[in-house]
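Biologist: I'm new to this one. Could you walk me through how to read it?

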Amino acid sequence: MQATEIVLPSVGEPESLQVRVRQLPEPGPGQALVRVEASGVTFAEQQMRRGKYYDMPAFPFVPGYDLVGTVEALGAPVGDETRPAVGQRVAALTKTGGWADHVLLDAADLVPVPEGVAAADAETLVTNGATAWRMLHHTAKAKPGDTVVVHGANGGVGSVLVQLARASGIHVIGTASARNQEAVRALGAVPVDYRDDVPARVRELVPDGVAAVFDHVGGKGIKDSWRMLAPGGTLVSYGSASTRDQAGNGTLTVLKLVARLALWNLLPNRRNAHFFNLWAGKARHPGQYRARLRGDLTQVLTLLRAGTITARIDRVYPLEQAAAALRHAESGQVVGKVVIVPGTGTARGPAEAGR
């Protein structure tokens with residue numbers, strides 16, 4: 001099988017990405033050959049091309065944190081692994097490797113996509129949906145009637161968080177730029193301009209503080225997120241977007257953030273702080289990790305199929321225009337997720353994503 005894939009050769013601008021064609025072997029025991037129908041751009045790729053991802057892969061490598069595709073062939077089964085069927089549409093978290101038209105993956109890592117869900121739509125909810133679901137329901141344990149703050153409520157993870165929260169009867173205050181206020185309001189959140197005094201505005205809306213704050217920004221603003229919590233509230237930090245363009249070691253940035261959160265947990269004010277890592281537990285307990293991911297992602301995709309939540313596609317790019325997709329994802333003008341689709345000729349808006 002010949003595969004076309006996008007390679008990031010070293011630290012560089014998006015335009016440094018290269019197109020490579022190589023031969024894939026037949027799937028070995030426990031593997032599946034997947035024809036990729038959609039991948040996408042996450043914040044991880046933005047950090048990786050700067051060499052700042054906290055778990056940085058060695059150069060050169062194929063980016064692509066997640067994907068949706070169809071199983072074309074299976075290797076011999078291994079033990080009692082959970083396996084999809086040939087011809088079945090599946091989703092997968094990959095961390096790297098998704099920007100390709102065909103990939104070899106462990107069959108046990110594949111999660112079935114419900115019938116009737118388009119590949120591009122499902123793709124918006126693989127990384128973003130699993131992250132949002134786990135942070136909301138497992139880390140923060142938010143309950144119906146709670147009020148939470150979602151930073152970057154118009155973004156990939158943020159827009160999913162808002163929808164999942166609203167579907168669970170949770171009130172949401174969402175920060176965004178002035179131009180994205182209406183988009184945030186349409187999702188069901190109360191919009192707040194992130195350039196304003198956000199803690200003061202949140203206290204006007206919820207004088208006693210909020211049950212949870214979801215913060216992907218990090219940096220100095222993490223203190224404001226902590227201040228907005230009610231007693232018993234939870235701060236969930238899941239990134240450091242504010243330091244994306246700053247020089248320095250990405251791993252060190254994360255370690256400093258984790259240390260700060262750990263220190264706050266020692267304070268006698270009944271508030272909690274967590275750094276969320278989507279990959280936590282996979283290396284030590286792979287079977288448990290896979291089962292939990294399958295359950296969480298299935299919940300999210302079922303809500304998508306039912307129309308309870310919607311896919312937020314900002315723009316669709318062909319695989320060969322991955323550099324343009326990455327550049328656009330970093331523009332600050334994105335509402336939802338930038339999707340990459342192999343086998344298409346031109347960039348398209350969400351309505352043209354195809355089924």
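Biologist: Which strands does helix H6 lie across?

Modeller: Before that, a word on the source: this is a predicted model, where local features need pLDDT of at least 70, side-chain atom pairs count only at pLDDT 80 or more, and totals for chains, interfaces and linings use all residues. Residues are numbered from 1 along each chain as its sequence is written, and side-chain values use heavy atoms, with hydrogens and water left out. Helices (H or I, at least four residues) and strands (E, at least two) are DSSP runs, numbered from the N terminus. Contact means heavy atoms within 4.5 Å. Here, H6 (residues 198-205) lies across E8, E9, E10, E11 and E12 (229-237), at about 150° to E10. Such angles run from 0 to 180 degrees between N-to-C directions, with axes fitted to C-alpha atoms, for helices over the stretch in contact.

Biologist: In what order do the strands of the open sheet come?

Modeller: Strands pair if DSSP finds at least two bridges between them. Here six parallel strands run E10-E9-E8-E11-E12-E13. E10 (190-193) and E13 (272-275) each have a single partner strand, so one side of each lacks a neighbour in the sheet.

Biologist: Which residue forms a salt bridge with arginine 49?

Modeller: Side chains of opposite charge can pair when their charged atoms come close. The cut-off is a side-chain nitrogen of Lys or Arg within 4 Å of a carboxyl oxygen of Asp or Glu. Arginine 49's partner is glutamate 330, with the closest N and O atoms 2.7 Å apart.

Biologist: Is arginine 49 buried or exposed?

Modeller: Buried means under 20% relative accessible area, exposed over 50%, partly exposed in between (1.4 Å probe, protein chains only). Arginine 49 is buried at 6%, and glutamate 330 is buried at 12%.
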